[in-house]
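Biologist: I would like to learn how to read a model of this kind, one feature at a time. Could you give me the general idea first and then the case at hand?

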Amino acid sequence: NMRASHPFLVSLLLCSVDALSLPKRRDFLATSASSAAALATDVLASPIPSASASDGDTLQPLTTTSKLQLPPIGLGAWAWGDAIFWKYDPRNDEDLKKVFEYALSQNLAFFDTAELYGLGRSEDLIGRFRKELCKTEEEYNKVTVASKFAALPWRSKREDVVNACKKSVQRLGSPIDLYQIHFPNSWSNEEYWDGIADCYDRGLVKAVGVSNYGVEAVRACHAKLAQRGIRLASNQIQLSLLYRWPIDNGLLDTCAELELDVLSYSPLALGFLTGKYSKDNLPSGPRANLGKDLFAAEDGSYDKLLATMNEIASKHDAVPSQVALNWARAKGTIPIPGARTVNQAKQNLASLDWNLSKDEERQLDEASAKVTGFITPDKNPFPREDINTKLKMYDS
């Protein structure tokens, strides 16, 4: 079930129907993939008013080649616009603004967004909050934004990346600190690498990265950008106590070898590492099936992992979600959990107040390695290979 195994790709074209006030949502959900593609193209191509320069303007090129400095934790903004999976409601925008304000007050205003999150809504909100809340240049510069280009099948040229980036810059109101390719395509991947390099050369972005790239792909992209004197800054990958594949298959080691920052998305495993759910209290929607599979394990491995997390949390006067985030940090990554309320943001950012001991990390490694029933790489519908170059693009 694709909706259960990787709900992001199911909802990415549908997530903002309500927020964008598109007519007859029920009819939209029943349309074909080609109709959805046409809709997404129209939305992503539409100019969104902002305080930034016009779409045709070129910003001053950025000359720095130093390593991008990112905070030790960020906040994922997928839910800031996703009406299908995360039930986004514009009436809650003030709550999201308070999340932004709190992160800014803690000097941890690092937000990860994408043009697909709410089909531009997430970027638009971040740009608006930054404009409204940052009253000085110093405050403005405290905000770090990462966004992503959607490598959709009908986008096959380097100019597609540049044009999409300009739209994102418009919505965000300023050059993007880290611009990433959201996921690999079955073709045109080298075109995308030239595209993000062009964005860098034009001053639209300060650093470039990739997301959901496997070992071979990240090496190839790193080498290609190096030919133009541009550093590949990061690889954003799924990693959590319930999704350890990048550790087991060497992807994390490869990123370390290439000196890439690793942004770990879904570090709380869609909420299943928060301790919030049980066999009798499953989440609604697509996540329900994942929960059933986890709790159905006859060996009780998932329950044992949660028990280990609770035991460690109690020693630090913490909560299970902070244990999960600190495990991701212990692996050398920058976790980017979602946050829709100030309480969630406070809880997430407070994980920086303490660290796991080596023994606690070992306990979590042993417990998590036994858990089955969660998403596996073969269930994730990213293209495995570039059909033209035969380069292996995705492995975990």
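**Reading the pocket, the strands and a helix**

Modeller: The largest pocket has a volume of about 990 Å³, and among its 45 lining residues W86, L270, G271, R287 and G338 are the closest to the centre. Please keep in mind that this is a predicted model.

Biologist: How does one find such a space, and which element gives the most to the lining of the largest pocket?

Modeller: Rolling a probe the size of a water molecule over the atoms shows where empty space is left. Here helix 16 contributes the most to the lining of the largest pocket, with four residues, while helix 2 (7-11), strand 6 and helix 16 (342-349) each supply at least two. Sorted by class, that lining holds 20 nonpolar, 19 polar and six charged residues.

Biologist: Turning to the strands, which residues of strand 7 lie on one side and which on the other?

Modeller: In a regular strand the side chains alternate between the two faces of the sheet. In strand 7, D261, L263 and Y265 lie on one side and V262 and S264 on the other, and all of these are buried, which leaves both faces covered. Because five of the five residues of strand 7 (residues 261-265) are buried, this strand is largely enclosed by the rest of the structure.

Biologist: Which strands pair with strand 7, and in what sense?

Modeller: Strand 6 (residues 232-238) runs parallel to strand 7 and is joined to it by five bridges, with S264 of strand 7 as the bridge partner of I237. Strand 8 (residues 334-335) also pairs with strand 7 in the parallel sense, over two bridges, and there I334 stands opposite L263.

Biologist: Is T144 buried or exposed, and what does T144 contact?

Modeller: A residue counts as buried under 20% relative accessible area, so T144, at 13% relative accessibility, is buried. T144 belongs to strand 3 (residues 144-149), and, apart from neighbours within four places in sequence, T144 is in contact with L70, A109, F110, F111 and D177.

Biologist: How should I read a helix, and which residues of helix 17 are buried?

Modeller: An α-helix has 3.6 residues a turn, so residues three or four places apart point the same way. In helix 17 (residues 358-368), the buried residues are E360, E361, L364, D365, A367 and S368, and the buried residues of this helix pack against helix 14 (301-315) and helix 15 (320-330).

Biologist: And what of the chain as a whole?

Modeller: The protein chain has 17 helices and eight strands, and 58% of its 396 residues are buried.

Methods:
Residues numbered from 1 in each chain as written. Predicted model: local features only at pLDDT ≥ 70, side-chain atom pairs only at ≥ 80, totals over all residues. Heavy atoms only, no water. Buried < 20%, exposed > 50% of the residue type's maximum accessible area, 1.4 Å probe, protein only. Pairing = 2+ DSSP bridges. Contact = heavy atoms within 4.5 Å. 1 Å grid on protein atoms, 1.4 Å probe; cavity = no way out; pocket = protein on both sides within 12 Å on 5 of 7 lines; lining within 4 Å. Points joined across faces, edges and corners; volume = space filled by probe spheres on them. Nonpolar A, V, L, I, M, F, W, Y, C, P; charged D, E, K, R; others polar.
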